[in-house]
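Hello,

Here is the structure I promised to pass on. Please open it alongside this note; my findings follow below.

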Number of protein chains: 2
Amino acid sequence: MALSTQPYKGARDFYPADKRLQKYMFDIMRKVSESFGYEEYDAPIIESLDLYLAKTGEEIVNEQTYTFTDRGGRQVVIRPEMTPTVSRMVAAKRQELAYPLRWYSIPNLWRYERPQRGRLREHWQLNVDIFGVDNLLAEAEVIQVADGILKAAGATHDMYTIHLNSRKLMDFIFREYLALDGVQAHTVAKLIDRMHKMPPAAFAAEVDAVFTPTQRDEGASDKLIDLLQTKSIARLPEVVRQDSSALELQQLLQVLSNARITNVMFDLTVMRGFDYYTGIVFEIFDENPDNNRSMLGGGRYDGLVGLFGVEPVPTVGFGFGDVTLQNFIEGHKLLPPPRPDTDLYVVLIGNVFTEAQKIVADMREAGVNVAIDISGAKPDKQLKTAVKKAIHYVMFVGEKDLRDEQYEIKNLTTGISERHSAARIVSIVKDYRGDE
Amino acid sequence: MALSTQPYKGARDFYPADKRLQKYMFDIMRKVSESFGYEEYDAPIIESLDLYLAKTGEEIVNEQTYTFTDRGGRQVVIRPEMTPTVSRMVAAKRQELAYPLRWYSIPNLWRYERPQRGRLREHWQLNVDIFGVDNLLAEAEVIQVADGILKAAGATHDMYTIHLNSRKLMDFIFREYLALDGVQAHTVAKLIDRMHKMPPAAFAAEVDAVFTPTQRDEGASDKLIDLLQTKSIARLPEVVRQDSSALELQQLLQVLSNARITNVMFDLTVMRGFDYYTGIVFEIFDENPDNNRSMLGGGRYDGLVGLFGVEPVPTVGFGFGDVTLQNFIEGHKLLPPPRPDTDLYVVLIGNVFTEAQKIVADMREAGVNVAIDISGAKPDKQLKTAVKKAIHYVMFVGEKDLRDEQYEIKNLTTGISERHSAARIVSIVKDYRGDE
């Protein structure tokens with residue numbers, strides 16, 4: 001029986017055109033992150049299971065990870081996220097590293113879940129983290145990096161909105177404003193995290209079920225649901241607005257405004273799934289009506305590095321997936337024009353490979369990507385191959401051309417042919433490549 | 001109990017300096033491959049187990065793969081090599097693709113084996129493959145790509161040697177010259193593949209045990225061992241030398257010589273572990289006496305694409321690992337100078353973040369990677385951070401500097417300080433970066 005040609009379910013093959021788009025996105029991510037002084041790191045895709053039991057959300061570890069036992073009996077996981085790994089790496093060199101430490105990575109991550117739009121079993125995710133800064137300029141900076149990536153991809157501020165919240169503020173609301181106990185607060189937090197995936201009535205009913213009869217009589221449900229609608233700090237109830245966490249959010253809005261980032265809103269429904277966040281959290285939403293969803297999220301997690309037995313390090317970071325960025329770029333028609341990496345295809349006429357090869361070697365030396373047709377097929381067949389590959393220029397090399405040191409070069413877009421020296425052809429092709 | 005900070009056994013964490021070296025190698029691999037017209041593809045790290053049962057060597061699948069059952073009951077593998085995957089992808093679009101098809105990828109691969117020098121459980125491997133060419137210009141080209149990568153890394157031809165052999169020639173030797181049956185030929189092939197890892201006497205004894213008493217009486221062992229020493233096609237026994245596979249090897253040597261690749265030798269002991277090779281095979285050996293081992297290998301495998309129920313496609317390719325390339329670069333002292341991606345570190349004096357940020361934003365816009373110290377620490381502490389990070393330039397920003405629009409920039413390598421406008425500082429830093 002023939003083998004299947006399908007990739008593993010929920011994961012993608014990247015044919016060259018797909019890979020080019022991914023590289024285009026990764027190049028933007030790298031360029032913007034590095035412009036802010038972030039340096040790239042990486043780590044193995046397999047980690048010990050222990051690493052995730054500590055602080056990643058339970059649902060993820062128990063139901064969504066690729067967990068198995070290796071041949072040496074170790075319980076291991078194909079990483080579902082990068083944050084525990086980067087915390088481990090910082091902890092390992094806690095004393096040697098210089099803070100503020102700015103790191104980024106673009107790892108692939110795996111989750112066992114039902115494949116759907118924007119969610120696949122394998123995706124890549126830019127992780128940007130700053131370690132060692134306990135003030136909100138850290139939050140402001142990583143948000144600027146995310147904003148810079150979207151702008152570099154061609155986006156304008158009307159295309160996306162940055163939603164801010166604070167875990168500390170939510171804790172204050174749960175404990176002080178609603179007087180919930182720890183278990184209730186945890187359950188309500190998880191409900192809020194899922195609220196945009198359920199009908200409002202169902203959410204209200206589930207919230208109601210969490211409260212005690214007394215709390216219900218005191219209108220806790222309505223208080224919470226009203227609060228969650230509030231999209232401005234100024235409209236929060238006085239007691240909530242005066243908490244230090246609300247003041248901090250107000251300051252962050254000001255710092256972002258100074259940096260000309262004004263497409264920002266306050267949103268108490270931003271919870272973030274992971275248990276490790278300790279302060280400000282944020283998400284960026286695509287404003288495309290066909291894809292109105294969270295594209296990326298992050299926040300402050302000051303406790304993770306300390307789990308490795310070293311002094312804790314204040315940390316802020318975010319993750320930005322390739323699938324969500326691609327959906328954004330496609331949805332807003334920001335795709336770069338498709339274009340192969342090879343600009344020149346050499347068609348051989350007759351038995352001229354040995355001589356042609358020398359000219360091609362010089363062209364490569366000069367920085368041109370040249371594919372030479374070594375199929376032995378007839379010239380018109382070779383030309384058809386170049387057309388099928390959508391290569392821009394074709395150069396024909398036969399015996400007479402070699403004697404004259406002049407070659408026909410055909411622009412397959414315009415259909416125009418010219419004859420030039422090899423050196424001139426190099427200039428023409430490099431000019432074209434440089435114009436992109 | 002504190003969590004361990006160690007990465008998974010046999011795999012590596014890449015701190016920024018390590019990642020920079022890996023990126024340096026990957027950039028060379030990409031640049032050279034693309035200069036020959038190869039285009040990058042990628043695929044999921046998880047594949048169905050079936051994919052490897054077909055043609056990968058048995059030892060690898062049974063003893064060395066990371067195999068497990070996913071939550072949906074599928075038997076899957078973390079890929080130990082890329083060749084089955086790329087064959088699957090070509091087969092899936094057999095009719096749509098234009099041949100010669102030139103593809104490359106730099107996947108990470110996993111093998112469960114005892115970690116040792118040059119062999120880790122996780123490594124990255126450049127895979128370069130050309131599909132649709134049934135003549136030896138394909139072999140010559142991929143060898144040129146490998147040679148080009150080594151040269152681009154700074155190597156000269158005395159540092160490495162290309163060893164050529166042919167599976168067809170070995171088949172001829174086993175069947176016609178030594179009159180072995182299929183089982184014997186397979187066993188001897190596997191022994192030759194391991195021969196450089198065992199003492200000569202042990203190899204001779206194991207070979208001897210494969211032969212029948214009659215074969216032994218006829219001197220089959222000696223014939224084989226003599227043959228394996230032969231390092232020139234001209235010195236092969238007449239009957240072997242006249243086989244078409246030996247003539248083909250001779251032609252390949254000529255084509256490579258025309259391309260000025262002369263550090264090539266004929267070597268009957270090059271077998272390659274995988275079962276799928278069908279013609280010429282090759283390996284490149286490091287000539288460093290401290291690391292005299294095979295760095296990369298490849299060859300022709302015309303049968304794999306056809307296993308997916310489509311018409312077969314002639315294919316030639318090789319794999320080149322990051323660990324072996326790194327050992328080569330280090331052994332020959334070809335390492336690039338270490339250097340962070342960030343060239344400018346901004347030290348803030350007093351409460352000037354808001355104003356400084358605007359200048360820094362313009363610098364980033366102009367293409368400079370700038371890290372700004374937002375720790376709130378004293379200026380001398382901030383300066384120490386820049387020194388620890390080995391950043392080349394530090395810029396000091398205080399209130400007076402902002403009024404004067406002139407800033408002190410200090411070269412941390414020479415210790416020299418100057419005062420300049422922000423625009424001039426951008427030029428200085430970009431000149432430095434451009435000089436690399």
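Strand 15 of chain A (residues 393-397) is largely enclosed by the rest of the structure, because four of its five residues are buried. Buried means that 20 or more other C-beta atoms lie within 10 Å of the residue's own; exposed means 12 or fewer, and partly exposed is in between, with C-beta atoms placed from the backbone. Strands are DSSP runs of E of at least two residues, helices are runs of H or I of at least four, and both are numbered from the N terminus.

A word on the source. This is a predicted model: local features need pLDDT of at least 70, side-chain atom pairs count only at pLDDT 80 or more, and totals for chains, interfaces and linings use all residues. Residues are numbered from 1 along each chain as its sequence is written, while chains are lettered from A and ligands numbered from 1 in the order in which they are written.

Which strands pair with strand 15 of chain A? Strand 13 (residues 344-348) runs parallel to strand 15, joined by five bridges. Strand 16 (residues 407-411) pairs with strand 15 in the antiparallel sense, over four bridges. Pairing requires at least two DSSP bridges between two strands.

The partners can be picked out in the model:
- Val346(A) stands opposite Met395(A) of strand 15.
- Tyr393(A) has Asn411(A), in strand 16, as its bridge partner.
- Val394(A) faces Lys410(A) of strand 16.

These strands belong to an open sheet of five in chain A, with order 14-13-15-16-17 and mixed pairing. Strand 14 (370-372) and strand 17 (417-420) are the edges, and each pairs on one side only. From one strand to the next, the twist averages 25 degrees. Angles run from 0 to 180 degrees between N-to-C directions; axes are lines fitted to C-alpha atoms, for helices over the stretch in contact.

Two helices of chain A pack on this sheet. Helix 15 (residues 379-388) touches strand 13 and strand 15, and its direction makes about 165 degrees with that of strand 13. Helix 17 (residues 422-434) touches strands 13, 15, 16 and 17, at about 15 degrees to the direction of strand 16. Contact means that the C-beta atoms of two residues, placed from the backbone, lie within 7 Å.

**Chain A as a whole**

Chain A has 17 helices and 17 strands. Of its 436 residues, 42% are buried. It divides into domain 1 (16-331) and domain 2 (344-434), with bounds from an automatic or database domain assignment. The domain centres, taken over C-alpha atoms, are 51 Å apart.

**Where the chains meet**

The contact takes 73 residues from chain A and 74 from chain B. The chain A side has 36 nonpolar, 17 polar and 20 charged residues. Nonpolar covers Ala, Val, Leu, Ile, Met, Phe, Trp, Tyr, Cys and Pro; charged covers Asp, Glu, Lys and Arg; the others, Gly among them, are polar.

**Backbone points to check**

Most residues other than glycine have a negative phi, and most peptide bonds are trans. Tyr99(A) and Pro100(A) are joined by a cis peptide bond, with omega about 5 degrees. The bond from Tyr99(B) to Pro100(B) is also cis, with omega near 0 degrees. Ala179(B) has a positive phi, near 55 degrees, and is partly exposed, with 14 other C-beta atoms within 10 Å.

Best wishes
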